[in-house]
Amino acid sequence: MATTKSPSIEVEAGEHTVRVTNPDRIYFPELGLTKLDLVNYYLSVGDGIVRALRDRPCMMHRFPEGLAGDKVHQKRVPHGAPPWLETVRIFFPRYKRTADELCVTKVADVVWATQMSTVEFHPWNSRRADTEKPDEWRIDLDPMPDCTFDRVRRVAGVAHEVLEELGATGFPKTSGGRGLHVYVRIAPEWGFADVRRAALAFAREVERRAPEDVTTAWWRKDRDPEALFVDYNQNARDHTIASAYSVRGNQRGTVSTPITWAEIADVEPDDFTLQTVPARFAKLGDLHESIDDTAFRLDTLLEWAERDGLSVPDAEDV
């Protein structure tokens, strides 16, 4: 039997109107939430999601049939996008090809991408002014399969301690899964390889201080399944993780949500969903609002990397 499609509707998104087709299509079957529910979620956190994505090349993780269907990783903005949608052209040396990726500058861009069945937004850690010079250092506290969240909490405390000693301001958020992310704005003066070397030097320092909890082993087979991996490779070129306020593509509808350092002691990541985050955002605003106010320099971390003889493999090998 053919499925009856619901009539399209028009949604006001800032200065633009976006046509949303099939607004009643179920995207989260276990929650009974629709495509329109997802659009309304992103509108409710508009300032936050735009700040997280602004001017960054962005991969779209699309679910054309909702979470019950297949996931599509899409770099290229398709033909027929509205004229006001902005893109940034990226060159991929391995394939000797270019792609015009989504470059969010306003909430209408996010709503358009959601209309195109995007659930997750995965931005680069550089901006279109110079896509080869990251301005964001990403600390990914990635638990191995048997790692407890209590261990994640402990390692987050160690990471915070090292950041404070460096004079760097870290902005934590849940990953939307079992881990935590910490973002640090950096001066856009170094290429991806140097940012990764700096990130590795930081990870090694956290490992030195918490050797029972942390691993920086390159190969997954060499990592203790109960350990937490400080994943410095998320700073490689064209490696992306879900942005702040991005919904994750799981049946729980979890959201990668900014939190305070003080909250880490009690936070339960699954508490943050597309159903609960709008009220939190309305009450607290964007906890990453001041993220662009300062930019940390990597000189000290690069000195640590030089001191320890650290190097990172080519990005294509990551």
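Biologist: Is Asp 135 buried or exposed?

Modeller: Asp 135 counts as buried, at 11% relative accessibility; buried means under 20% relative accessible area, exposed over 50%, partly exposed in between (1.4 Å probe, protein chains only). This is a predicted model, where local features need pLDDT of at least 70, side-chain atom pairs count only at pLDDT 80 or more, and totals for chains, interfaces and linings use all residues. Residues are numbered from 1 along each chain as its sequence is written, and side-chain values use heavy atoms, leaving out hydrogens and water.

Biologist: Which side chain does Asp 135 meet in a salt bridge?

Modeller: That of Arg 56, at 2.8 Å, N to O. A salt bridge here is a side-chain nitrogen of Lys or Arg within 4 Å of a carboxyl oxygen of Asp or Glu. Arg 56 is buried too, with a relative accessible area of 0%.

Biologist: Which residues are linked with them in a network?

Modeller: Arg 127, Glu 136, Arg 138, Arg 185 and Asp 292 are linked with Arg 56 and Asp 135 in a network of salt bridges.

Biologist: And how many salt bridges in the whole structure?

Modeller: The search finds 33. Another one joins the side chains of Arg 297 and Glu 189 (2.9 Å, N to O).
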